[in-house]
Structure formats: structure tokens, C-alpha cells
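User: I've got this entry open and want to go through it before setting anything up. Let's start with the overall layout.

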Amino acid sequence: MRFDVLTIFPSFFEENPYFKYSILGEATKKGQIEVHTHDIREYSEDKHKKVDDTPYGGGAGMVMTCQPLFAAIKSVKKENPKAPVVFLTPQGETWTQPHAEEFATKHEQTGLILLCGRYEGIDQRVRDALVDIEISIGDYVLTGGELAVMTLIDSITRLIPGVLGNENSPEEDSFCVKFDRKKEYPHYTKPEEFQGIKVPDVLLSGHHANIEAWRHDNLK
Ligand code: SAM
């Protein structure tokens with residue numbers, strides 16, 4: 001799956017070990033995902049490569065301007081015309097596991113164009129004309145959209161078939177359909193007793209039906 005990321009900080013992705021190791025690193029090496037970064041500043045026609053300006057109506061902070069964003073999005077759209085443009089913003093729909101599942105299937109072939117805001121956000125005309133989907137990763141404010149984009153890429157990638165081994169099936173994680181979208185049961189591993197604290201007897205019983213029932217009862 002292809003992810004095109006528009007940001008004024010491409011190095012946050014290009015130099016980020018998070019994309020080089022573990023599951024995302026392996027998925028990249030195997031060609032299961034491709035993360036392409038695009039520096040919004042390079043599209044600015046301003047002689048100082050400015051991408052922001054003061055807000056109409058006054059107020060604190062700066063707003064990302066139309067010109068570089070229109071140029072950057074249109075250029076990436078030429079490379080990947082079917083990919084929807086997703087803007088990360090606190091005003092968007094809150095990201096959940098069903099969104100990750102939907103995106104991993106619906107957009108696996110087309111990929112996604114992911115737009116990171118900075119400052120106070122972006123000029124509304126970009127949103128009206130070029131953004132297809134607006135997503136928030138939670139009810140709090142980050143300094144920029146980059147962490148939000150990483151959250152989307154991570155949660156989608158682990159659902160792409162073949163990315164996780166069988167031993168790590170995403171169908172048995174918190175919020176999965178099998179768990180009625182509830183949160184997962186507690187886990188225990190060896191030893192059976194640690195500092196006087198024992199593993200629940202049922203998990204040592206070898207009785208699969210009872211273990212399943214215990215786990216089901218302990219979903220949150
Ligand atoms: N003035 C904006 C507001 O009050 O909604 C916050 C702007 S924030 C400082 C800068 C950028 O970070 C946003 O344009 C957005 O791209 C990103 N961002 C911040 N919080 C986010 C969240 N919860 N989910 C997704 N993106 C977020």
C-alpha cells in the first residue's frame with residue numbers, strides 16, 4: 001500500500017527509525033508498504049519558500065496558504081490520481097479500529113495522500129476544494145499532523161494481509177469483531193508465580209472451552 005505524505009518536515013518520516021525497524025520496517029523491506037514524502041515548501045512560489053501567512057479576521061498564529069498546498073496536492077494527485085486526500089485535523093472524524101480496517105481494504109490498491117497541517121491549520125479553501133476525508137486521532141491538539149499520519153500508517157499497515165505473522169493475528173486484538181469491538185482480556189506468561197502473584201488457575205488448566213469463556217468474560 002502506498003502512502004504519500006505532504007509535510008513541511010519530510011525528515012520526520014525519512015529519518016525516522018520507526019519506519020526502519022520491527023513491523024513497519026519489515027513491511028517496507030518486503031514492499032508491502034511504501035511511504036513517499038513530499039515537502040510542501042518545495043511547491044511554494046514565494047522567494048523565501050514561505051508556506052504560511054496571518055489569518056484574515058485577526059488572531060494569534062499563522063495559517064498555511066493555498067498556493068503551495070494546491071500545487072503540492074495537484075502534483076501528487078498526478079502521480080496517484082485515485083488516492084483520496086486525507087487531512088489530519090482535530091476537527092475530523094475520530095480515528096478508530098473500524099476506520100483502520102476500512103482503509104486497509106478500501107484504499108489498499110489506491111493508497112492514501114496524507115496531508116499534515118502545522119501552525120493554526122490550513123486555509124479552508126484547500127479543504128473545500130481538495131480534501132476528501134478529514135481525520136482526527138483524538139480530542140487533543142498536537143503541534144502538527146505528522147504524528148497523526150504515523151498513527152494512521154501504523155494502524156493500517158498491521159492490518160494488511162501478510163504483514164503480521166499468524167502468531168500475531170489482528171483478528172484477535174482489542175476492538176476486533178470477534179471481541180464484539182471490546183478491549184482485550186489480560187495476558188500472562190511464565191513463570192506461573194512471580195513475587196507471590198499467581199497466574200489464574202483456569203489458564204493453566206488446559207481446558208480450552210473454560211479458557212475461552214474466561215477470556216470472553218474478561219474483555220473490557
Ligand atoms: N488550530 C487548530 C485547532 O484548534 O483545531 C490546531 C492546529 S494544530 C496546532 C496544527 C496541526 O496539527 C493541525 O492542522 C493538524 O494537521 C495537526 N493536528 C493537531 N491535533 C491533531 C489531532 N488530534 N488529530 C489530527 N491532527 C492533528
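Analyst: Taken over C-alpha atoms, the centres of domain 1 and domain 2 are 43 Å apart. Domain 1 covers 2-157 and domain 2 covers 185-217; the bounds come from an automatic or database domain assignment.

User: What should I know about the model and the numbering?

Analyst: This is a predicted model, where local features need pLDDT of at least 70 and side-chain atom pairs count only at pLDDT 80 or more, while totals for chains, interfaces and linings use all residues. Residues are numbered from 1 along each chain as its sequence is written, and side-chain values use heavy atoms, with hydrogens and water left out.

User: Ligand next. Which residues come nearest?

Analyst: There are 21 residues around the ligand, and Leu88, Gln91, Gly117, Tyr140 and Leu142 come nearest. A residue is near a molecule or strand if one of its heavy atoms lies within 4 Å of it.

User: Which residues of the largest nonpolar core touch the most other members?

Analyst: Leu114, Leu152 and Ile156, out of 28 residues in that core. A nonpolar core is a set of buried Ala, Val, Leu, Ile, Met, Phe, Trp, Tyr and Cys residues joined through side-chain atoms within 4.5 Å. Buried means under 20% relative accessible area, exposed over 50% and partly exposed in between, with a 1.4 Å probe and protein chains only.

User: Which elements each supply at least two residues of this core?

Analyst: β1 (2-7), α2 (22-29), β5 (85-94), α4 (97-106), β6 (112-116) and α6 (146-157). The biggest share is from α6, which gives six residues. Helices (H or I, at least four residues) and strands (E, at least two) are DSSP runs, numbered from the N terminus.

User: And what does leucine 152 touch?

Analyst: Val86, Leu88, Trp95, Leu114, Ile135 and Ile137, not counting residues up to four places away in sequence. Contact means heavy atoms within 4.5 Å. There is also a second, separate core of 19 residues, with Met64, Leu69, Ile122 and Leu130 among them.

User: Switching to α4. Which residues are buried there?

Analyst: Gln97, His99, Ala100, Phe103 and Ala104. These residues are on the same side of α4 because they cover an arc of only 155° around the axis; the arc is that of the directions from the helix axis to the C-beta atoms. Thr105 and Lys106, on the other side of α4, are exposed.

User: What covers the buried residues of α4?

Analyst: The cover includes β5, β6, β7 (133-136) and α6.

User: Histidine 99: what is its relative accessible area?

Analyst: 13%, so histidine 99 is buried. Beyond its neighbours within four places in sequence, histidine 99 contacts Glu93, Thr94 and Ile135.

User: Now backbone checks. Which residues does the cis peptide bond join?

Analyst: Lysine 190 and proline 191, with omega about 5°. Proline 191 is in the loop between α6 and β8 (193-194). Aspartate 180, in the loop between α6 and β8, has a positive phi of about 55° although it is not a glycine. Tyrosine 119 also has a positive phi of about 55°; this tyrosine lies in the loop between β6 and α5 (124-130). For reference, most residues other than glycine have a negative phi, and most peptide bonds are trans.
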